[in-house]
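Subject: Structure handover

Hello,

The structure is below, with the sequence. My notes follow it.

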Amino acid sequence: MASRASGEALLEGVPDVDIDDSGRFKYVLIKVTAKDGASKRIVRGYSFAEYHADVFDEVQPGLSGLGLTAECEGGGRIEHSESTKTILVYGYSVGFGRADHSIAVEKLKKAYPHYKGITFSNDGY
């Protein structure tokens with residue numbers, strides 16, 4: 001039991017969502033797993049990324065340094081408007097496939113509870 005608590009504690013220290021404040025950018029949905037098997041999914045999206053792999057490559061070393069493994073479950077795009085308090089999740093990653101956008105939206109709604117609209121579409125690239 002002690003190992004599960006430590007795995008869950010490690011996971012709690014990893015924010016569910018880390019995305020840029022505004023703009024259109026690539027995102028990935030990552031499954032993070034502790035050595036004891038405890039896991040959770042996180043959303044990461046950054047405008048600097050030319051490819052979805054750039055986002056994953058930015059995040060993975062930090063997770064590995066905590067003793068966690070990371071598996072990219074897919075990607076897409078995010079349109080984030082801080083001014084209108086809306087986020088649209090859509091599209092897919094050529095390299096990783098389409099993320100389950102409904103999971104990403106669930107995480108985003110918890111991270112941005114004051115936003116008016118956080119939705120997804122499986123249309124678009």
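Predicted model: local features only at pLDDT ≥ 70, side-chain atom pairs only at ≥ 80, totals over all residues.

Two strands count as paired here if DSSP finds at least two bridges between them.

**Overall fold**

The protein has 3 helices and 6 strands. Their order along the sequence is α-β-β-β-α-β-β-α-β. The radius of gyration is 14 Å, close to the 14 Å that the globule rule gives for 125 residues, so the protein is as compact as a globular protein of that length. The C-alpha trace spans about 45 × 30 × 20 Å along its principal axes.

Of the contacts between residues at least 6 apart in sequence, 65% join residues at least 24 apart. Buried residues account for 40% of the 125.

**Surface and charge**

The accessible surface is about 6,600 Å². Carbon and sulfur atoms hold 48% of that surface. On the charge side, there are 15 positive and 18 negative charges. Their mean positions lie 4 Å apart.

Start with the hairpin. Strand β4 covers residues 69-81, and strand β5 covers residues 86-90. They pair in the antiparallel sense, over 5 bridges. Between the two strands of this hairpin are 4 residues. K85 takes a positive phi there, near 55°.

Strand β5 also pairs with strand β6, residues 117-121. That pairing is parallel and again has 5 bridges.

Towards β6, the bridge partner of L88 is T119.

**H101**

Which helix holds H101? It is α3, which covers residues 101-111. Is H101 buried or exposed? The cut-off for buried is under 20% relative accessible area. H101 has a relative accessible area of 1%, so it is buried.

Next, the contacts of H101, leaving aside its neighbours within four places in sequence:

- Y27, G75 and G76 are among them.
- V89, Y90 and G91 are also included.
- F120, S121 and N122 complete the list.

Best wishes

Methods: Residues numbered from 1 in each chain as written. Heavy atoms only, no water. Rg over C-alpha atoms; globule rule 2.2 N^0.38 Å. Buried < 20%, exposed > 50% of the residue type's maximum accessible area, 1.4 Å probe, protein only. Contact = heavy atoms within 4.5 Å. Areas by Shrake-Rupley, 256 points an atom, 1.4 Å probe, with all protein chains shown as cover. Lys, Arg positive; Asp, Glu negative; His and termini not counted. Charge placed at Lys NZ, Arg CZ, Asp CG, Glu CD.
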